[in-house]
Structure formats: C-alpha cells, structure tokens
Amino acid sequence: MDFNFFKKRTVQVDFNDIDPAKLPKHIAIIMDGNGRWAKKRGMPRYFGHRAGVETVRRVVKLCAKLNVPYLTLYAFSTENWRRPQEEVNVLMNLLVEYIEKEIDELNREGVRLTVIGEVAELPEPARLALAKGIEKTRQNNRLNLILALNYGGRREIVEAVRKIADDVKSGKITPEQINEEFFANYLYTREFPDPDLLIRPSGEIRISNFLLWQIAYSEIWLTEVLWPDFSEEHLLQAIRDYQKRDRRFGGINYP
C-alpha cells in the first residue's frame, strides 16, 4: 500500500490567468468518490475518507489564496446515516481530527469556520469540536468555510416552512410578507450568498439533495476525478471555465 498520499505536500500553482474581478464569490463542492478511490487501491473505504481530508486542506488553502469569500463543502448528508455504523464513526472521528489539527492554521489564515445542517444530532465530540472551532475563528473574514453536516436540502426547506407557519400562526408575520427573499431568511444559509459555482467530482451527474434552493442559478462544473485526486489545478480549471460562462439568470445579456 502507498501511504505517501497522506503526507502533506506543497504544490506551486500558477493562477496568473485567473481574473480576480470574475472570481465566484461562493464555491460549493459535493465531495464525492472517496470510497471508489480506496476500492481502486484495494483499501478499505476509510482510507479514501482520510485521503479526502487532504484534498479539503488543499482546496481551503487555495480558496484563501484566491480570496474567494465563501466555500461550502458537503461533508455529511442526512442520508449518510444509512452507511455502516463503523464508517459513520470514521467520518465523525475524521471531522474532529481535522478541526483539532487544522483550527490554529485556519485561524492564522483568516478562515472563519461555520456549519449548516442539523448539528444538534451529531455525536457530542463532533459538536464540541465544531463549537470550539466556530468560536475560535468567528472574528475572521478572509474565507468563510461552511461545512454542510447532517445536511439535506429537502429537510432544510421543510424546516423553513415549519418555522414560517409557526410565525404566521403566532401573528409575528402575515402570509403577504412571504416572498423568495423572505423565505431565504429562514434557511440555514440566510447569512451567505447563493453559490455561484457548484463543483461535483467523481463523474456523478446529480445534486444529491444539496442546497436545492440556493443553486437555482449556480454554474455547475463536473469532473470524472475522484475527490482524493482533486487537485489545485482542477479547482483552477473549474474557475477558468466559470469565468468563460455567460451568466444571464434567465434574462438576456445585450452586446
């Protein structure tokens, strides 16, 4: 087995061709392919998850360098509880390990850690590590690193509808106040802009219950590359392609 993958590596990347004026303000990524990456190497799935953490480090570091303000990573969905308990335990332990090992560097780099999803249902060690990391980095504003944990887009929308119904019932608001902007204020992501660029590695062509409301007009970039092999150059290529797109939001761009 090749364990060299787990060694932190330093890669010099050239992003002189990236136009800072056309950077996506918010990049969202469905991290996918860890299990298949491990299977290809005859390793158990947790090897893939650990390798995927190294990719997280690379992507976060590059987004901070590029001055991308928001990065959302789909780390654990509401459906992921259906996986074997041993794998769920590995994923939760890796989350705690990542935060404990990286939080000081994230703080030095000006990264603010936040989370969306039903965090209260996570195991206690994960909740405590997240709370500690969020508190330590809450004053930072260089990059908002948003981890989607125990997250599901349908559940987010249902929870928002339930809260709105409660507020209507109690007389806090009227049905006439409800429009798209008002509704968005009841979502987990109410303090963040919608993603401009959605990236999905691993060759899958679906959005897997991720940010169903927020990605209505996101540009989507797909690649066959499995998440542990997703490099700085792949992220730059996604941004280059994004910068060539003509974003019309349903309208027309006149010459």
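Here is a short tour of the structure, stop by stop, with what to select at each one.

**Before you start**

This is a predicted model, in which local features need pLDDT of at least 70 and side-chain atom pairs count only at pLDDT 80 or more, while totals for chains, interfaces and linings use all residues. Residues are numbered from 1 along each chain as its sequence is written, and side-chain values use heavy atoms, with hydrogens and water left out.

**Stop 1: the two domains**

Colour residues 20-151 plus 194-244 as domain 1 and residues 153-187 as domain 2; these bounds come from an automatic or database domain assignment. The centres of the two domains, taken over C-alpha atoms, are 28 Å apart. Where they meet, eight residues of domain 1 are in contact with 10 residues of domain 2 (contact means heavy atoms within 4.5 Å).

**Stop 2**

Now select Asp32 and Asn80, which UniProt lists as "active site" in an unreviewed entry. UniProt positions follow the numbering used here, feature names are shortened, and annotations may be inferred rather than shown by experiment. The pair is spread over 49 residues of sequence, yet clusters in space, with a largest C-alpha distance of 12.1 Å. Both Asp32 and Asn80 belong to the lining of the largest pocket. Pockets are found on a 1 Å grid over the protein atoms alone, as open sets of points with protein on both sides within 12 Å along at least five of seven lines, and lining residues have an atom within 4 Å of a point.

Zoom in on Asp32, in the loop between strand 1 (26-30) and helix 1 (34-40). Helices (H or I, at least four residues) and strands (E, at least two) are DSSP runs, numbered from the N terminus. Is Asp32 buried or exposed? Asp32 counts as buried because its relative accessibility is 17%, and buried means under 20% relative accessible area with a 1.4 Å probe, protein chains only. Show side chains and you will find polar contacts from Asp32 to Ser202 at 2.8 Å and to Arg36 at 3.2 Å. A polar contact is a pair of N or O atoms within 3.5 Å; within protein, one must be able to donate a hydrogen and the other to accept it, and residues adjacent in sequence count only if both atoms are side-chain atoms.

Asn80 sits in the loop between strand 2 (70-77) and helix 3 (85-108). Asn80 is also buried, at 13% relative accessible area. Leaving aside neighbours within four places in sequence, Asn80 touches Ala75 and Val88.

**Stop 3: Glu219**

Next, select Glu219, which the unreviewed UniProt entry places with Asp32 under "binding site". Glu219 is in strand 6 and counts as buried at 16% relative accessibility. Among the residues that Glu219 touches, not counting those up to four places away in sequence, are Tyr242 and Arg245.

**Stop 4: helix 7**

Finish with residues 232-244, which form helix 7. Which residue caps its N-terminal end? Ser231 does, with a side-chain oxygen 3.3 Å from the backbone nitrogen of Glu233. The buried residues of helix 7 include Leu235, Leu236, Ile239 and Tyr242. What covers the buried residues of helix 7 includes strand 1, helix 2 (45-66), strand 5 (197-200) and strand 6 (219-222).

Notes:
1 Å grid on protein atoms, 1.4 Å probe; cavity = no way out; pocket = protein on both sides within 12 Å on 5 of 7 lines; lining within 4 Å. Buried < 20%, exposed > 50% of the residue type's maximum accessible area, 1.4 Å probe, protein only. Expected span 1.5 Å × (residues − 1).
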